[in-house]
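I opened my notebook to get to know a structure that was new to me. Here is what I looked up, entry by entry, for anyone else meeting it now.

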Amino acid sequence: MTIPWAVSLSTSRFFPNRSAILRRQTSPCSATATMSTAGEENFTSDPAHLDTIFKQKKSLRLVVKRDLKSMDPTLRSEEDEAIQRIVMEAPWFKACKGLCAYISCRALREVDTSRILSHILSSHSEMRKKLFVPRVEDRNRNMRMLNISSTEDLIANSMNILEPASLDADGNEREDVLFANEPVDLLILPGLAFDKAGRRLGRGGGYYDTFLSRYQELAEKRNWKQPLKIALSYSVQIVDEGTIPLTPNDVLVDALVSPSGVIPISPAALEICQ
């Protein structure tokens with residue numbers, strides 16, 4: 001089973017020097033942040049401080065986008081293959097019964113997930129994992145994770161990114177993971193940059209951080225075990241610790257999967273990846 005992908009690429013533009021940007025990212029906020037029991041870092045929300053952080057994130061995004069654009073296509077394919085193989089062979093993936101996963105987009109140069117999704121959707125019904133994939137609803141950080149059972153459930157949105165139709169073939173509303181009766185075990189996440197402390201730099205929309213916060217609150221309210229948050233990362237997307245500044249809304253990931261293997265970060269990931 002093959003999942004079609006959008007292939008339009010953004011136009012090129014000037015990007016600043018990577019090393020200069022990475023040096024500028026070191027910020028006092030990193031030293032004053034404290035870790036909460038939920039796995040998030042807490043610090044003051046001073047407007048001037050946050051404005052500085054947003055500017056740092058914007059600069060870092062330019063650098064990482066440039067690096068992703070300049071990746072050799074052969075290397076990209078090799079890393080896509082390695083990352084997906086590592087995920088599908090991992091005990092935590094094999095054991096999970098339900099998960100949320102992103103649908104990779106070539107135009108955004110995200111780590112490919114087509115093999116992972118095809119593997120799930122082509123499994124026998126009695127062994128199939130319950131899969132939820134994202135659907136962006138508006139420009140206000142509202143993103144739902146809806147259940148699909150086939151690639152035919154996917155349609156291209158206005159940005160030519162595949163997402164599930166809100167209604168199934170019978171005209172019924174698709175199941176939303178935030179209203180599901182059972183928890184998911186795993187969240188497979190995209191991003192622009194990551195570090196080995198669990199920090200994740202998104203694309204600036206806030207959709208994933210908003211969803212992650214909502215799901216964490218739901219799991220806590222229903223006394224469910226928190227799902228493992230796994231981010232997929234090319235080698236060039238992993239930056240030095242302290243490079244990615246944080247805001248109060250940023251949610252840390254539990255582990256990274258890079259071409260070289262799984263990088264466990266949180267206590268939950270360290271336990272399950274032993």
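## Notebook: a first look around

**Entry 1: the whole chain.** I began by noting that this is a predicted model. I looked up the confidence and found a mean pLDDT of 84 for the protein, with 82% of its residues at 70 or more. I then checked where pLDDT stays under 50, and the stretch I found was residues 1–42.

Next I looked at the secondary structure, which comes to 8 helices and 13 strands. I also looked up burial: of the 274 residues in the protein, 51% are buried. For contacts between residues at least 6 apart in sequence, I noted that 73% join residues at least 24 apart.

**Entry 2: the largest pocket.** I asked myself what volume the largest pocket has. The value I wrote down is about 1,200 Å³. Its lining has 43 residues, and Val136, Arg203, Gly205, Gly206 and Tyr207 are the closest to its centre. I then looked up which elements give two or more residues to this lining, and they are α3 (47–69), β4 (130–136), β7 (162–164), β10 (200–201) and α7 (207–221). The largest share comes from α7, with 6 residues. Sorted by class, the lining of the largest pocket has 18 nonpolar, 11 polar and 14 charged residues.

**Entry 3: Asp250.** I found Asp250 in the loop between β11 and β12. The C-alpha atoms of Asp250 and Gly206 are 8.5 Å apart, although the two residues are 44 apart in sequence. Is Asp250 buried or exposed? Asp250 has a relative accessible area of 7%, so it counts as buried. I followed its side chain to two partners. One is the side chain of Lys57, in a polar contact at 2.7 Å. The other is the backbone nitrogen of Thr247, which the Asp250 side chain reaches at 2.8 Å.

Entry 4: I looked up two residues in the loop between β3 (98–101) and α6 (114–121), starting with Thr113. Thr113 is buried because its relative accessible area is 1%, under the 20% cut-off. Where does the side chain of Thr113 reach? I traced it to the backbone oxygen of Tyr102, at 3.0 Å.

Arg109 lies in the loop between β3 and α6 as well. I noted its positive phi of about 55°, although Arg109 is not a glycine. Its relative accessibility is 12%, so Arg109 counts as buried.

Moving on to α6, I asked how many of its 8 residues are buried. The count is 6, and α6 is thus mostly covered. I listed the buried ones as Ser114, Ile116, Leu117, Ser118, Ile120 and Leu121.

**Entry 5: Asn223.** Asn223 sits in the loop between α7 and β11 (228–232). Its relative accessible area is 71%, over the 50% cut-off, so Asn223 is exposed.

**Entry 6: Val133.** I turned to strand β4, where Val133 is found. With 0% relative accessibility, Val133 counts as buried. What is Val133 in contact with, leaving aside its neighbours within four places in sequence? My list reads Ala101, Ile103, Arg144, Met145, Leu146, Ile148, Leu154 and Pro164. I also looked up Met143, which is 10 residues from Val133 along the chain, with 9.9 Å between their C-alpha atoms.

**Entry 7: Ser258.** My last stop was strand β12 (residues 255–258), which holds Ser258. The relative accessible area of Ser258 is 2%, so I put it down as buried. Beyond four places in sequence, Ser258 is in contact with Ile83, Ile86, Ser233, Ile238 and Ile263. Ile238 is 20 residues away along the chain, and its C-alpha atom is 8.6 Å from that of Ser258. I also found a polar contact between the side chains of Ser258 and Ser260, at 2.9 Å.

Key. Residues numbered from 1 in each chain as written. Predicted model: local features only at pLDDT ≥ 70, side-chain atom pairs only at ≥ 80, totals over all residues. Heavy atoms only, no water. pLDDT = per-residue confidence, 0-100. Contact = heavy atoms within 4.5 Å. Helix = DSSP H or I, 4+ residues; strand = E, 2+ residues; numbered from the N terminus. Buried < 20%, exposed > 50% of the residue type's maximum accessible area, 1.4 Å probe, protein only. Polar contact = N/O pair within 3.5 Å; in protein donor to acceptor, adjacent residues only side chain to side chain. 1 Å grid on protein atoms, 1.4 Å probe; cavity = no way out; pocket = protein on both sides within 12 Å on 5 of 7 lines; lining within 4 Å. Points joined across faces, edges and corners; volume = space filled by probe spheres on them. Nonpolar A, V, L, I, M, F, W, Y, C, P; charged D, E, K, R; others polar.
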